[in-house]
Amino acid sequence: MRKTIALLLAVIFTATAAFAQGRVVTGKITDAKDGSAVAGATVKARNGKAITSTSADGKFSLKVEDNVKELVITYVGYNDFIVAITGNELSIAISQNSQSLSEVVVVGYGTKIKKDVTGSIAKVGAKELTNTPVTSFESAIQGRASGVLVQQQNGKLGQGINIRVRGASSVSAGNEPLYVVDGIPVITASLSSNGSPTNPLSDININDIESIEILKDASAAAIYGSRASNGVVLITTKKGKNGTSKIDIGYFTGSQKPTGKREFLNATQFVDYFSRAAVGAAHQDFLAGYYDTEEDAIADWMSYTESRFTRYSAGNEDWKTAKVNTDWQEQGFQKAPISQYDVSLSGGNDKTKFFASGQYLDQDGIIVRNSYKRYNGRLNVDHKVKDWLSVGMNMSFARSQNNRVSNDNAFSTPIQIVALSPITPIIDPRTGLPSGALDLATGNPNTNFPVYYNPLLSVDNSSYATLVNRMLGNVYANVNLAKGLVFRSEFGVDQLNQTEEAYYGSVTARNTGVPNGSGFFSSDQLLNINTNNFVQYAKTFKDVHVIDVVGGMSFQKQTSTSSLAEGEEFPSDAYKKLASAASKVDATSSASEFSFLSYFLRANYKFNNKYLLALSGRYDGSSRFGANNRYGFFPAASVGWILSEEKFLENVKWLNFLKVKGSYGLTGNGEIANFASRGLYTGDGAYGGQAGQRPTQIPNPDLKWETTKGFDVGFEASFFNNRLGIEVDYYERKTQDLLLDVEVPGTSGFSSQFRNIGNLNNKGLEFTVNTTNINTKNFRWTSSINFSANKNKITNLDGQVLGGDVNKAKEGEALGVFFTREFAGADPANGDALYYLNTTKSDGTLDRTTTNDYNAAQDVVVGSPVPDFFYGFSNTFSYKGIDLDVLLQGVQGNEVFNGGGQFMSASGSNGFDNQTLDQLAAWDKPGDITMVPEARMFYANGTNNSSRYISDGSYLRVKAVTLAYNLPASVLKKVKIERARFYVRAQNLFTITNYKGWDPEVNADYSASNITQGVDFYSAPQLKTIVFGFSLGL
Amino acid sequence: MTRKIINILLLTATISALSCSKELDTTPTQSIDTKDAFKTGKDVEVALVGAYSHLGASNLYGGTMFVAADLLANTTEISWSGTFEQLTQMKNKAILIDNSFVAGTWLSGYTAINDVNNVLNHLDVVADDKKNKVEGESKFIRGSVLFDLVRLFGKAWNDGDPGSNAGVPIILTPTVEINAESQVPRATVAAVYTQAIADLTDAESKLPDENGFFADKSAAAAMLARIYLQKGDYANAAAAATRSIDYASANGKFLMNPYADAFPLTDGNTDEDVFAIQVTSSSGTNDFQTYYSADGRGDIQIEQEHLDLYEAGDARLDLFYNSGGSIYIGKFDYIYGNVHLIRLAELYLIRAEANFRLGTANGAEPLDDINVIRERVNLTPLGSEELSLDAILKERKLELAFEGNALHDAKRLEQNVGLISWNDPKLVFPIPQRELRVNANLTQNPGY
């Protein structure tokens, strides 16, 4: 009987199972635009459980239950598509959507569907990044993401790039976001020895990047706790996909030019102008009583000046006839080719997926002696060992050699060549050698000809190479502990070994100060290890309650050691290694480390697909902080409401999606020196060969995290069949307990101390609008606009004004405002530089009378390096196989301070530096109304810091243009190639700006800091790049 | 079963990861905690060496403050063609309150003072036989720096009432924390002179006769001679100069001959150096070289007007050289040359002037002292009838040209600079703007 029952049950069960097997639906999914097969798309039964993905040829086969009437097709970058099952062989065309709501976005320790995200996250995908002809990926996201301000310091290769996510949050601690590659925080600090920061992120191959997510608000970022105040940039590298293995080959080549140039005096103008300056100076000397008559003074000054003209004319009088008229600026630039070679292999099956790539980038800089070469290799593998265990690794290797030039503040930096006189010949006729190379009287390089060290002497006679070997990777294991419960363990290593080696030949003596060659060798070894161990739990209860929890711990430790050796006195320039240096002048080594230990938890809850709640918290400890305040807790919460799922909007056909969201949370900032809380003595006080120690830091055991309270509200909506998508966010970020490098009275023997003092706020609005303007079978035009306005304001600095130069941190103002004297032009009576007093009168108003006494005038805010708003506007057109992508990018409302103005636009009153053309408008005779004071040699007439050197730094750039042709399938079949694309691509093609300098996107490298920004100091302009290339898929 | 094992392993891994918390206790490698810095007498001695390295800072005795003072005092004997606006302001007698070299001199000065105050605070751990030396050197540094700060940042001694004119803050204790008391007001000019004299007098008594290149009795007495001369206390100036010369002679020091040998193109002190700041290829800096030498920046050229002051055959003329059509002074041509802060020759000149003014012969006759200087540079000795204050002052000017004395001599001798009066506020450094911002008890100098 029992057996009978069992048998019966078995039969029933089998029958049910057979019934449940339903039918098999097959079909092919293609791209609506070009009909190409879409591989890897997810095909799911609507209201059923069956799910599969398409193979390389776009085909799928799915067994669905009988009650299933429709299939849902989802694929990253495409609109969700619901198709009725009509017949068993379906042909489905899906269309792309650049901001699809079904898109998966990477969040800290996991991924989420975009429509469920309650935080604020910007995403830039591989499509936007691939084959951008730049050295580092940050340049490729400029203008692509709202709320993310990207500024490249200058046009030197591999140079530092500043990124501000929703404004600067700190005055003295770090302001750069945290960078996380495949789950592992990576090394970003510059290791440069020459005061010109380099960018370790440029070791990453742009073409390896699948997506970049930028976590902007507190709720998205707080899972990274104490390092999230400045936002978090998550970089995810490419993975292999199911399907036939693919080979991709890419190549581009082209050339680069400066985006702009300045105009300087020619030989005739130079001689006239400095003769005027001599007369101006003579007049002043006479007034000061140094001469009995003005004629004496003029005669003396003219004789001095003419002897200088003769000197700068290479010892002859060609200056009188302008026989030599050298455009030195042109000599500082060079032809700059760029080429890049790429190959990648990818593929996979149900068990194993892989992605492997290699790249070689060979780039010359636009300024002489600057070049960059980089090799990259990557292997990403994922393998399913057992049903319950999968493991994988993402490993990359990079080797780069950057042949670098000096920082912007060195005579040897190529752009400082503009200071040389147009009457100076490139080749000294007395020697047949470059000017400055040889003084026949001494047999040594000239000491005072040309006017300054000739940077061209460095081109052939010096070298400075920064060589980086970088290994970045991680291994992971995923263990399915129970249904819905996954344990993940990750271990990552970022190892960066850098050497810098320089040799300065004997002919550079005027620049180095040592006669017989000098050189140095430095080495930095950084090891960054990180482990993340966490569990993820996801479950749906009663179909309407979806929960998703992540919790675990993270530990990071970074150790660094560095050493430097320096030598002088080489037998000849044929010997360039320190082995040959007779005098070893410096040798040093040092080590440092920091560690972070963190515990984190995040819980997401979704009810009925409409109501979203996310809570997260991170408990962080860092070695950097005082014993009294080592740990900090950073919680965040956010909510979202998908209104479009509500009944009352069900019938609003033009609305496809609407979500409102809000978040609040705390994030921290601990980017300060590793031992900032301690009282320190340092053993660097050697004197006369004897060892010494000296106090270097006053202790502050109470030093703790800087905390930012972030608040964000916004909505996401899409309309008209998803042809119009809008995202809007408003945010406020209040930073307190600023980690401030506070000025202290110098009589203490110290100049500053790190303390938690002060507050600053950022608030802003950002929006993104995506539109599909035209979408026909052959022609498609989509646009995307992003706009970001951020207002930064320091609310409390304990009354201090911080900042070493013109930029200041000051209460009531944005960080880094230009705070200096307000220039009032030339005194019509005598040509003196005038300044507005701007002292406060008894009635509280500012005294707007002018003075020639710089000390009497008060500093006022005369500009800000921070733009009021910035934007990007991209348009993509595709017509059959041709596509055109145009990205405009701009910033508005910021100013630039020309720090070099005190020399190059100085009324000829600060040295013999060649002057910019606008100085010809100098005051000449009583009654002249002009903004250029009288030319007075060495009288520094108006050359001190003032608004004289401030100009509008707004610009609109044609940032990137790509015109590509994709070979049609018919041709491809014949040549047996899967894909073939030929393109021409331009970067920084065209710039509209009022700025008269080289380029308004500038931040003098040697002085760039949180406070000092927007300063131009002989900074190399940005690169205008045009390349031709192809990519082939086999 | 396998899964259980795996789970246990993972749990173990997690727990061991949790024990990372001790990893948060990291220690610096190049630095040590302040509380560990003064454990032994040796620690105190190396802290004293560290103080000398701060004393030799670029903006202090590394030379920039002396170059700045020379530029302030000169009109047409030199020409300035440099681009450091901080020094252009000096040449133009138009110093701005945010001049970073001025701020640097202030900061470096008080850094050195804080260094020695730390040393003085830990004398108890120094071995008895070294205590006097350590204390003496510390006070030499403190007294010298106070004197140099007050004569740059305060009115000249002879300008009004030094007992009420504002000098600079006097700091005699080490800084352990920053608090309200860190805002120290300016002491009077007289009080600073008194402190400097007290420190140096104490130093002279405690320092050894011979002390390598560190300060010795001769150096302390020489600095005292400078101070007394600056305040017009000629009797004490002559006495201190005599003591210094005597100590120096006992140590085998003498005037180098030829003159150029006092400014060698090699490392180390000369036998004429009473006190010099040590510069090597790996530490220290000589900013006289930076600005004066054609091999440096060559920013300062010497005009014919200055050369015309010398008598024919003066060996000191041999030090001037032409490079590319400009004349440079060759006293500072070695990039790693020591900063010859006080040369023995200066003490003969101080003594000659002081004795001549007083009509005394403390240590030697003024005529003999002057002729020691003249004979070394191949000039005919003066006869007694040719000896005058002007002759002594001219000898002083030429002997010590471009070594940093011009401004302070102009002030004490009440000689105008062009049309600018010797006591014009333009010839006094402003109190740095950064100090006024952080110290409410400081007052700015007149004229700024």
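UniProt positions are given in the numbering used here, feature names are shortened, and annotations may be inferred rather than shown by experiment. I noted that this is a predicted model, in which local features need pLDDT of at least 70, side-chain atom pairs count only at pLDDT 80 or more, and totals for chains, interfaces and linings use all residues. Residues are numbered from 1 along each chain as its sequence is written, while chains are lettered from A and ligands numbered from 1 in the order in which they are written.

**Chain A**

I looked up the UniProt record, an unreviewed entry, which places "domain: TonB-dependent receptor plug" at residues 114-232 of chain A. Over residues 114-232 I read 11% helix and 24% strand, with the end C-alpha atoms 17 Å apart; helices (H or I, at least four residues) and strands (E, at least two) are DSSP runs, numbered from the N terminus.

I then turned to an open sheet of three strands in chain A, ordered β4-β1-β7 with mixed pairing, where two strands pair if DSSP finds at least two bridges between them. Its edge strands are β4 (59-64) and β7 (89-94), each of which pairs on one side only. I found that β1 (residues 23-31) runs parallel to β7(A) over six bridges, and that A:Thr30 stands opposite A:Ala93 of β7(A).
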